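Subject: Structure for you to look over

Hello,

Here is the structure I said I would pass on. My notes on what was found in it follow below.

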Amino acid sequence: MISWDNFEYFVAPAALCWIAGAVLSVRQATRSRAALWTTVAGTLIFAVFIAGLWIMLSRPPLRTMGETRLWYSFFLSISGLITYWRWRYRWVLPFTTLLALVFCMINILKPEIHDQSLMPALQSPWFIPHVTVYMFSYSVLGCSFILSCIGLYRHKPEYLDTLDQLVYVGLAFLTLGMLSGAVWAKDAWGNYWSWDPKETWAAITWFGYLLYVHLRLMSGVSHRKLYWILILSFLTLQICWYGVNYLPSAQGSVHVYSQA
Amino acid sequence: MKHLDIISIGVSVFLLFAVQYIAGGFPVTFFSFPLNIILVLLWLLALWVLYKDYRHTRFCRFLLSLRTTVITFVMFILLCLVIGLVPQHSAMMPMGEGGTFWERLGIHEMTTSWPFLFILLLLQSHLAMITFRGIRNRKGIRWRFLTSHLGLWLALLGGFWGSADTRMYRVPVYKEQPGRMAYAADGRVHYLDYELELLRFEVDYYDNGMPSTYQADVAVDGQEVILKVNEPHSIRFGEDLYLTGYDMHAGDEIRYCVLQVVRQPWKYVQLTGIIMMLLSAVALFVKGPIKRGKDDQLG
């Protein structure tokens, strides 16, 4: 039976594959097929755990913070792989692997309450698309964050073209997540938008990325400014995702489920 | 002067904070139907005339420029940071008179404050103007531009102008006692023009005692409807009935449930905007970034 108790037994082989893929990709100047397949293997092992947990819980594992971290690690490995294969950045897999493993470690060291109950407000057809679309978007924007940090350290003009690609994909999924949330909120609470703290931080994040997209259409904007906007937007995204739970403004937020 | 646009917007926001300090929050409910519809039409007409006949004036160029997009976004983000960091009072329960310096600036009721509404109005005016231009001139991925910008404009417009027409009431509904009494958030009683009675209430529990699902069979003027969480019932155009709570301490014999009546006639405008934005998000993913150099003038 797959459960959180044997999470380590899945993370360990997945981590080995991911690390092997990262090392292989860095060592070779061209695209490495070996890196591709080892990373895919790691992701598949991880997928088996998610699928098993889903069956075991008899509900989608998307509710607690621990469960969303699981999806984040999963999508991060996929986004990293796409970025590596599509734009041939040798250094991207080490970073996405590191980030994915950090989130796995948090789940091992600080497991949340993993019960089987799903409160009635979360029982909706919107639940799965809303959360998975967001997690995928976060992972793509995570890649843009890594690339921006590197660009700030050593700028190359082609980084901005790659960032455009990543941000357009990330923003598209961010929009899908936000709007599926709005439609769901109308069904659940009666309003599309009510400036709940989580919604407010989602809006800040969304406008941050929109700001980048529009600044890219202007001429004469310094690359440092663009990198900083992506870095700051990714930080507001972290506040939106889990940081709001610790903000004084979020006491009484309708979006806090994990303390149930 | 190069930075006249930034200075004008900054000074306007500053002055509106002063208005907020002196006069308190914006009188949202004053702009209810039909005043909001009339104002929307006049506003659109004014923007259209401005676009058609005064395109080369400074003000029109300002409303069309990409710099305005950027400045408006930054201002909007800054004001949203206040909402995100400072606890907000419910929009239905304003603070009233008095308070500290910061409270009087409206930091606890930012979404109904003068500066915030001004930035939203500026953003909507800007969106309307670039949509006019986009319909006529834009080349390239024109339909993506139009669905995304028109969609956002409609979603904002529905929320902004429709908020004065939005009403929410809580209704306790009892078994064997048909009633019409509903309560607004400020405690005021409102009488519905239909009668509600609880017929049956069913709850299922998980092993740990948490409710897993519940549903209420309610008679609306004698006609039976089933209400569940996430499944509201539409009473009429713009008015829906939601199940929000029940008699949780009653054990097996539940005597009442709490419904919420939401009147939001502008929700269809918002939904249209949201659907357009969803389509444009798909297009954003499929078509990817704009090729540089071709569309630069038209962002």
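Domain 1 and domain 2 of chain A bury about 2,100 Å² between them, and 82% of that area lies on carbon and sulfur atoms. Buried area here is the accessible area, taken with a 1.4 Å probe, that two parts lose on being put together, summed over both. The model is a predicted one: local features need pLDDT of at least 70, side-chain atom pairs count only at pLDDT 80 or more, and totals for chains, interfaces and linings use all residues. Residues are numbered from 1 along each chain as its sequence is written, chains are lettered from A and ligands numbered from 1 in the order in which they are written, and side-chain values use heavy atoms, with hydrogens and water left out.

Within chain A

Domain 1 of chain A covers 1-113 and domain 2 covers 121-251; the bounds come from an automatic or database domain assignment. Their C-alpha centres lie 21 Å apart. In contact across the boundary are 23 residues of domain 1 and 26 residues of domain 2, where contact means heavy atoms within 4.5 Å.

Between these two domains the rule finds 0 salt bridges (a side-chain nitrogen of Lys or Arg within 4 Å of a carboxyl oxygen of Asp or Glu). There are 4 residue pairs in polar contact, both residues at pLDDT 80 or more. A polar contact is a pair of N or O atoms within 3.5 Å; within protein, one must be able to donate a hydrogen and the other to accept it, and residues adjacent in sequence count only if both atoms are side-chain atoms.

On the domain 1 side, helix H3 (65-87) and helix H4 (92-109) of chain A are the elements that give two or more residues. H3(A) gives the most, with 12 residues. Helices (H or I, at least four residues) and strands (E, at least two) are DSSP runs, numbered from the N terminus. By class, the residues of this side are 14 nonpolar, 5 polar and 4 charged; Ala, Val, Leu, Ile, Met, Phe, Trp, Tyr, Cys and Pro count as nonpolar, Asp, Glu, Lys and Arg as charged, and the others, Gly among them, as polar.

One backbone detail in chain A: Ser58(A), in the loop between helix H2 (33-57) and H3, has a positive phi near 50 degrees although it is not glycine.

Between the chains

Chain A and chain B bury about 4,500 Å² between them, with 73% coming from carbon and sulfur atoms. The contact takes 47 residues from chain A and 53 residues from chain B. Here too the rule finds 0 salt bridges, along with 8 residue pairs in polar contact, both residues at pLDDT 80 or more. Helix H6 (157-189) and helix H7 (197-215) of chain A each supply at least two residues of the side that touches chain B, and H6(A) gives the most, with 17 residues. That side of chain A has 30 nonpolar, 12 polar and 5 charged residues.

Within chain B

Chain B is divided into domain 1 (4-165 + 269-298) and domain 2 (167-263), with C-alpha centres 36 Å apart. The whole structure has 12 salt bridges over all chains. One of them joins Arg236(B) to Asp193(B), the closest N and O atoms being 2.9 Å apart. Arg236(B) is in strand E6 (residues 233-236) and Asp193(B) in strand E3 (residues 189-205), 43 residues apart in the chain.

The peptide bond from Phe33(B) to Pro34(B) is cis, with omega near 5 degrees. Pro34(B) is in the loop between helix H1 (4-23) and helix H2 (35-53) of chain B.

Confidence

The model scores ipTM 0.93 and pTM 0.89. Chain B has a mean pLDDT of 90, and 93% of its residues reach 70 or more; pLDDT is the predictor's confidence in each residue, from 0 to 100. Over residues 294-299 of chain B the pLDDT is below 50, and this stretch has 14 contacts in the model beyond near neighbours in sequence.

Regards
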